[in-house]
Structures are given as structure tokens and as C-alpha cells.
Amino acid sequence: LEPVLGKETIRVGLVGLDSSHAPMFSRILNDPNDPEHIAGATVVAGFPGGSDDMKISCSRVKGFTNKLRDFYKVAIIDDPIEVARRSDVVFILAVDGRTHLKLFEQIAPVGKPTFVDKPFCVSLPEAKRMYEVADMFGVRLFASSVYRYADELVRLLNGIRKRSERI
């Protein structure tokens with residue numbers, strides 16, 4: 001992120017607007033009046049995506065896309081590659097993990113640091129391929145989940161470890 005850190009505002013591109021994380025990131029990054037606002041980055045572009053065979057995806061993508069465009073002034077673009085070109089960093093947020101490898105393969109040649117929301121992908125071979133592609137194009141690739149910080153989950157995992165059980 002060294003080239004990005006010198007910028008006054010980091011431009012964030014979202015790929016896959018069928019996740020509730022798309023309006024959430026847009027809200028905390030784009031709304032300076034929001035109590036959870038994070039200054040220094042702005043969501044500037046988004047690719048709707050969506051999976052027709054997954055109800056949680058196809059039933060929400062239009063509404064989330066409209067909210068990003070109308071309320072947070074995010075440019076909606078029909079090409080994930082163009083979203084990457086207009087951004088300093090890219091977040092792949094699509095709820096359908098089956099799409100993540102293809103989406104990443106499309107945007108990786110643009111060379112932008114990329115965060116992939118859960119699920120990272122749907123198989124170990126796909127995960128390995130994503131890191132191969134990242135290495136091929138020199139892309140910093142990151143994935144994580146907020147669940148690792150959920151108090152209930154942390155307590156459960158600590159209890160399992162104390163009993164020397166394996167997960």
C-alpha cells in the first residue's frame with residue numbers, strides 16, 4: 001500500500017454489491033456525519049455482480065446498488081476491471097464465494113491491493129489459484145472475517161483449546 005498511503009484520500013472500489021457489507025463500507029467511508037465514519041478513504045465505484053441462482057444474492061443486489069448510487073454517490077460500473085482502474089484498492093464483497101476466483105482473475109492484472117470478504121472461495125484449489133494469480137501480478141491479497149473478534153466465538157474457541165480439543 002505504499003503508493004496509496006501518500007494520498008489524501010484512498011479510492012475504494014467494491015466488486016459484488018449483493019452483500020450488506022457494500023452499503024456498510026460505503027456508509028462508514030463516505031458519510032462524514034456517521035458516528036462510525038472513517039476518514040481517509042472513499043468508496044468511488046462499484047460493480048453490482050450478483051448470482052441469479054442464489055436468492056440471497058439476486059434478491060438484494062438491485063437495492064444495495066441503488067443505495068450506493070443514490071445515497072452515497074458511488075459510480076455504478078458494469079465492468080469489474082474498470083472499477084479496479086478507478087480505485088486505489090478493491091474489495092471483493094460478493095456473497096457467492098463461487099464468483100471470487102473469476103472476479104479476482106479479472107481485476108488482478110490492474111495490480112490493485114485486494115480484500116476478499118468471506119467466503120474467500122469455495123475450495124482449497126481455488127484459494128491456491130487466487131494466491132498464484134496474486135503473485136503473478138504482484139497484487140497484495142487479503143481476507144478476513146469480523147467473526148474472529150466476536151466475543152462469543154472467542155470464548156467458545158478458548159474453551160475448546162483449554163480442553164485440548166481440536167476443531
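This is a predicted model: local features need pLDDT of at least 70, side-chain atom pairs count only at pLDDT 80 or more; totals for chains, interfaces and linings use all residues.
Residues are numbered from 1 along each chain as its sequence is written, and side-chain values use heavy atoms, with hydrogens and water left out.

The side chain of Asp 53 meets that of Arg 98 in a salt bridge of 2.8 Å, N to O; the term stands for a side-chain nitrogen of Lys or Arg within 4 Å of a carboxyl oxygen of Asp or Glu. Because Arg 98 lies in the loop between β4 and α6 and Asp 53 in the loop between β2 (41-47) and α3 (55-58), the pair ties together parts that are 45 residues apart in sequence. Helices (H or I, at least four residues) and strands (E, at least two) are DSSP runs, numbered from the N terminus.

## Other salt bridges

By this rule the structure has 10 salt bridges. One of them joins Glu 36 to Arg 27, with the closest N and O atoms 3.1 Å apart; Glu 36 is partly exposed at 49%, and Arg 27 is partly exposed at 22%. Another links Glu 82 with Arg 86, also given as 3.1 Å from N to O. Through shared partners, salt bridges join Arg 27, Asp 34 and Glu 36 into one network.

## Aromatic pairs

There are five aromatic pairs, counted when ring centres of Phe, Tyr and Trp (its six-membered ring) lie within 6.5 Å, with planes under 30 degrees apart called stacked, over 60 edge-to-face and the rest tilted. The rings of Phe 71 and Tyr 72 have centres 4.8 Å apart and planes at 85°, so this pair is edge-to-face. Phe 71 is exposed at 55%, whereas Tyr 72 is buried at 9%.

Phe 91 and Phe 115 also pair edge-to-face, at 5.6 Å centre to centre and 75° between the planes. Since Phe 91 lies in strand β4 (residues 89-92) and Phe 115 in strand β5 (residues 114-116), their pair ties together parts 24 residues apart in sequence.

Methods:
Buried means under 20% relative accessible area, exposed over 50%, partly exposed in between (1.4 Å probe, protein chains only).
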